[in-house]
Number of protein chains: 2
Amino acid sequence: MKAFKTLLILILTIFSQANFAQTAEANRENEFKPSPVNQPGSNYPMVNAKGQVRTQISAPEAKLVQLDIGGVKYDMVKDEAGVWTGESAPQDVGFHYYQLNIDGASVPDPGSLYFYGANRWGSGIEVPSPDEDFFAMKNVPHGNVEQILFPSKSTNTSRRAYVYTPPGYGVNRQERYPVLYLQHGYGENETSWPNQGRANLIMDNLLAEGKIRPFIIVMTYGMTNEIEFGGLKDFDIKPFQTVLVDELIPYIDTNYRTKANKKHRAMAGLSMGAFETKLITLNKPEVFSHYALFSGGTYQPEELQDRAKPALVFISTGSKERPDAVKSAVSNLKKAGFNAVSYVSEETAHEFHTWRRSLYQLAPLLFKIEQ
Amino acid sequence: MKAFKTLLILILTIFSQANFAQTAEANRENEFKPSPVNQPGSNYPMVNAKGQVRTQISAPEAKLVQLDIGGVKYDMVKDEAGVWTGESAPQDVGFHYYQLNIDGASVPDPGSLYFYGANRWGSGIEVPSPDEDFFAMKNVPHGNVEQILFPSKSTNTSRRAYVYTPPGYGVNRQERYPVLYLQHGYGENETSWPNQGRANLIMDNLLAEGKIRPFIIVMTYGMTNEIEFGGLKDFDIKPFQTVLVDELIPYIDTNYRTKANKKHRAMAGLSMGAFETKLITLNKPEVFSHYALFSGGTYQPEELQDRAKPALVFISTGSKERPDAVKSAVSNLKKAGFNAVSYVSEETAHEFHTWRRSLYQLAPLLFKIEQ
């Protein structure tokens, strides 16, 4: 009887430990933690390892409060204190824009930081990703992100751009650097790459690991948002091309220690910024030597036939977009003798995580010539 | 009869013209225009010349929507389409934080840009002021505002600061510059001076008019917001003093072309940043030569007696704060032989317009030595 009892306890113990391990694993998956891009001191919004977003807001008198993310509105639930809490279905890894709906009013979540995208400053959330380390703030030397206001005669304005300079730029006072001109997409602006794009941290981390040589990145507004979405076919590239090529580039080459020539100048863009990159690199073969399109079109070999071959053509997309089109375009370019590279971001769609990864993949391929 | 009729018409005409002129004047006063710090493309919030704020939001299902500004909540009114519109009483000239209340939820107005103050990123509005030209974006050479992430051993973090460099900094590659360290107030952070404070535009305009000689401004987070408001007496300046004096200043002097000595180093701050400025300048007489307090305390002559006289002591306040205390403190300092200057911002209270004006008054008095 005693042996039986001991055996029973042993079995129960093993069973309960296994069960406990399963539960702990499930708990970890379900555990909600504050999003890393919250307002200082704010616990909500939260995310869990499955990619669900949970948020909370006090609205004692409201009839209906919804979490509006990824094109879906999730009803939230009110407690006795008038605080509403709600959760979304799992989202893709990486960064997403979202908002709250309070009795029909679309407003930013007061708990999150704000980002410019979808044509407004509004809420953003960061869903954990297996590779999030590459854009994390780490204890490494950091470059700077400088806001400049450059004169533009063609638009009769002072225009804003952000300039990433790599660590050591202020100290190495004789060194000159190549430059990447990097464009945002429709509904975004010149703040989108340095904020939600983490362009500076991606560069800092790559440099700290010795994976790239230092270069400057310039990000300005692509004048994309005044057209109606869907009116893309009527978009005229000339006004922005003039600002970029005739006004911004000379300003940068005067005010920064650049290697001011085609060999050391690249252009890249995402979505509509990719469309702009394609048009401008095709119109101005004498200005850029490296071309990169993220989630926005491809080059056909015949489009590049009137010129010296670009040093690099890079084309990327999310696996949930149209990876086959990108792969086949790059295959055609390679067959035609171009140095073309494709990249597909796994498990992501037309969002910033695809574009952060694209920049991370592109950077080591840029300016691989003797600098 | 005809003469009488003519006279009558004449009288009526004159009367109606006078009346029209009065009406036109009243209309101008009442006319609402979009605030200059709105989101791109947003007509609301608006302001008029009297300083009233009007805003609008669609919230078809809401029971009560309020405009919450200057400590007062103004009920808004719903139209048939479910759009709520409301107006405030006249506000002081200059910049104010505000928010909306939708059925009990405090949220940012989706129409405005967002600013860090009152311990959150939230809505801001700009009420017209007679002197708004001094911080306007003009067609003049512009300096840059650079985000740096500097290493801090004492806090084991990379810490953010913004560095204003004057126009020409990137071109005049041998020139060295004096530096002003400029602190925000409680509930604000290192973005507050470059955003709502317009520190860079104030400098650009002063430089364009030849009213000042160029210097650098450094703005970092004063570690003020972790304490409870009202817990000021328990505030320990040491952690921030270490970050500023032992970590940030050496980083700036290494990475920027500064005149790295006491004679060319100033410290100023607003509200709790003034309190920090006072503590640090008193603790570190060997580091700074110019001291400025905006809306936050004064120096007594006996507090400054253990040291070489500072080159300048500047103390300012809004006329709606405690101007007499500032004037009398400066009068005492002058009697004791200090180069002390007071400034009172007319018709403003404990808000950013007082501090923008204070910076505008302070800048020409700084570094008036042979540079």
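**Note on the predicted two-chain model**

1. In this predicted model, 100% of the interface residues of chain B are also interface residues in chain A, so the copies meet through the same surface. The contact draws on 44 residues from chain B and 44 residues from chain A. Between them the two chains bury about 3600 Å², and 51% of that area is on carbon and sulfur atoms.

2. Chain B is superposed on chain A by a rotation of 180 degrees with 0.0 Å of shift along the axis, at an RMSD of 0.0 Å. This is the relation of a two-fold axis. The residue of chain B that comes closest to the rotation axis is B:Glu146, whose C-alpha atom is at 1.9 Å.

3. Salt bridges deserve a separate remark. Over all chains, the search of the whole structure finds 20 of them, yet across the interface of chain B and chain A the rule finds zero. As a general point, side chains of opposite charge can pair when their charged atoms come close.

4. One of the salt bridges joins the side chains of B:Glu190 and B:Arg160, at 2.9 Å from N to O. B:Glu190 lies in the loop between β14 (179–183) and α2 (199–208) of chain B, whereas B:Arg160 belongs to strand β13 (residues 157–165), so the pair ties together parts that are 30 residues apart in sequence. B:Glu190 is buried, with a relative accessible area of 9%, while B:Arg160 is partly exposed at 27%.

5. Two further pairs may be set beside it. In chain B, B:Asp306 forms a salt bridge with B:Arg307, with the closest N and O atoms 3.1 Å apart; B:Asp306 is exposed at 59% relative accessible area, but B:Arg307 counts as buried at 12%. In chain A, the side chains of A:Asp133 and A:Lys138 meet at 2.8 Å, N to O. Here A:Asp133 is partly exposed, at 48%, and A:Lys138 is also partly exposed, at 22%.

6. Helix α3 of chain B (residues 238–255) has 18 residues and, at 1.5 Å a residue, should span 26 Å; the end C-alpha atoms are 24 Å apart, which agrees. B:Leu248 is itself among the buried residues of α3(B). Others in that group include B:Phe240, B:Val243, B:Leu244, B:Ile249, B:Tyr251 and B:Ile252, and the charged residues B:Glu247 and B:Asp253 are buried as well.

Terms used. Residues numbered from 1 in each chain as written. Chains lettered and ligands numbered in written order. Predicted model: local features only at pLDDT ≥ 70, side-chain atom pairs only at ≥ 80, totals over all residues. Heavy atoms only, no water. Least-squares fit on C-alpha atoms with pLDDT ≥ 70 in both. Contact = heavy atoms within 4.5 Å. Helix = DSSP H or I, 4+ residues; strand = E, 2+ residues; numbered from the N terminus. Expected span 1.5 Å × (residues − 1). Buried < 20%, exposed > 50% of the residue type's maximum accessible area, 1.4 Å probe, protein only. Buried area = accessible area lost by both parts, 1.4 Å probe. Salt bridge = Lys/Arg side-chain N within 4 Å of Asp/Glu carboxyl O.
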